[in-house]
Amino acid sequence: MSWAEQLGPCPAFSSQQAPAMDVCLSSAQQPGRREEGLSSPGGWLEAEKKGASQKDSTGAALEESNRIEASLHSLQKFVPTDYASYTQEHYRFAGKEIVIQESIESYGAVVWPGATALCQYLEEHAEELNFQDAKILEIGAGPGLVSIVASILGAQVTATDLPDVLGNLQYNLLRNTLRCTAHLPEVKELVWGEDLHKNFPKSAFYYDYVLASDVVYHHYFLDKLLTTMVYLSQPGTVLLWANKFRFSTDYEFLDKFKQVFDTTLLAEYPGSSVKLFKGILKWD
């Protein structure tokens, strides 16, 4: 059983609307507006093509749209899960409007409070963090909002999650970063605690930052999550972890986290019960 199934039905989600238009690829969408009727993973591309053909009778816009579609399909290695419905949710961070394809049918296809809090922190502390060309891995990237923001800020991002999440994750990353960022994000499967040495050998992979948001909740893989966090952290690696604290087990995990990481509370968001921590692995 996946971690999403263990949690049961997903609650309704309210998106953060964006006041202005600045989507990287989609020129047909209106500011702050959810797209209606785009229930398939490729629905926005068809809508964009239709809008482009109406805007430019010469066919130049349609040709550009077709070129973008071809680029996306050639880069898409994972197929999005065929959920019954998707919504197009709008966010605005780092000066860009970001459109995320979400579905309430999976916890891995929804942006949670910890992710928006972490994005807010990254945006407000961009100069201090200096993500330009930094190597970053996100644990439990879900629909990809945090990885997209990190990419917009100049980072070389590897977004990871469970296999069934990767299709929608990659779709959102490509849609919002293609031709808009210095480095195109990479998508990799990461099952916490499994095959870490094989898939992420320390000799080949070093990360300046490891990012995680709302990865701690009531599930049975907390020890494997901590093992993964420790493994990915090398000398100089900064781990930024944002989480909504819901259960006593969340605080129990925090206690274990503090045992192996020098921990600093960077920010608190009382309205959403989210806390944001910086962790530096302790070296004996």
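Student: What should I know about the model before we start?

Tutor: This is a predicted model, with local features needing pLDDT of at least 70 and side-chain atom pairs counting only at pLDDT 80 or more, while totals for chains, interfaces and linings use all residues. Residues are numbered from 1 along each chain as its sequence is written, and side-chain values use heavy atoms, leaving out hydrogens and water.

Student: How many helices and strands does the chain have, and what makes a run count as one?

Tutor: The chain has ten helices and nine strands.

Student: Why are H4 and H6 called roughly parallel?

Tutor: Helix H4 (residues 113-124) and helix H6 (residues 145-152) pack at an angle of about 10°, with their axes 9 Å apart. Axes are lines fitted to C-alpha atoms, for helices over the stretch in contact, and angles run from 0 to 180 degrees between N-to-C directions. Angles under 35 degrees count as roughly parallel, over 145 as roughly antiparallel, 65 to 115 as roughly perpendicular and the rest as oblique. H4 and H6 are therefore roughly parallel.

Student: Which residues meet there?

Tutor: From H4 come Ala-115, Thr-116, Leu-118, Cys-119 and Leu-122, and they meet Leu-145, Val-146 and Val-149 of H6. By class, that contact has seven nonpolar residues, one polar and no charged. The classes are Ala, Val, Leu, Ile, Met, Phe, Trp, Tyr, Cys and Pro for nonpolar, Asp, Glu, Lys and Arg for charged, and the others, Gly among them, for polar.

Student: What makes H6 largely enclosed by the rest of the structure?

Tutor: Buried means under 20% relative accessible area, exposed over 50%, and partly exposed in between (1.4 Å probe, protein chains only). Eight of the eight residues of H6 are buried, so H6 is largely enclosed by the rest of the structure. Among them are Ser-147, Ile-148 and Ser-151. For the whole chain of 284 residues, 50% count as buried.

Student: What is the order of strands in the open sheet, and which are the edge strands?

Tutor: The seven strands run E5-E4-E3-E6-E7-E9-E8, with mixed pairing. Strand E5 (186-189) and strand E8 (261-269) are the edge strands, since each pairs on one side only. Two strands pair if DSSP finds at least two bridges between them.

Student: How do you know that E9 pairs with both E7 and E8?

Tutor: Six bridges join strand E7 (residues 238-244) to strand E9 (residues 274-281), antiparallel. Ala-242 has Leu-276 in E9 as its bridge partner. Eight bridges join E8 to E9, also running antiparallel. There, Thr-263 has Gly-279 as its partner. E8 and E9 form a hairpin with four residues between them, and Ser-273 in the turn has a positive phi of about 60°.

Student: What makes a set of residues a nonpolar core?

Tutor: The set must be buried Ala, Val, Leu, Ile, Met, Phe, Trp, Tyr and Cys residues joined through side-chain atoms within 4.5 Å. The largest one here has 39 residues, and those with the most contacts inside it include Phe-131, Tyr-209 and Leu-211. Another core lies apart from it, with 26 residues, among them Tyr-207 and Phe-277. In soluble globular proteins, nonpolar side chains tend to be buried together.

Student: Why does Arg-179 count as exposed but Gln-234 as buried?

Tutor: Arg-179 has 57% relative accessibility, so it falls on the exposed side. Gln-234, at 16%, counts as buried. Leaving aside neighbours within four places in sequence, Gln-234 is in contact with Lys-202, Phe-205, Tyr-206 and Trp-283, contact meaning heavy atoms within 4.5 Å. Phe-93 is buried too, with a relative accessible area of 4%.

Student: What is the phi of Arg-179, and of Asn-130?

Tutor: Arg-179 has a positive phi of about 65° although it is not a glycine, and Asn-130, not a glycine either, has a positive phi of about 55°. Most residues other than glycine have a negative phi. Arg-179 lies in the loop between helix H7 (166-177) and E5, and Asn-130 in the loop between helix H5 (126-129) and E3.

Key
Helix = DSSP H or I, 4+ residues; strand = E, 2+ residues; numbered from the N terminus.
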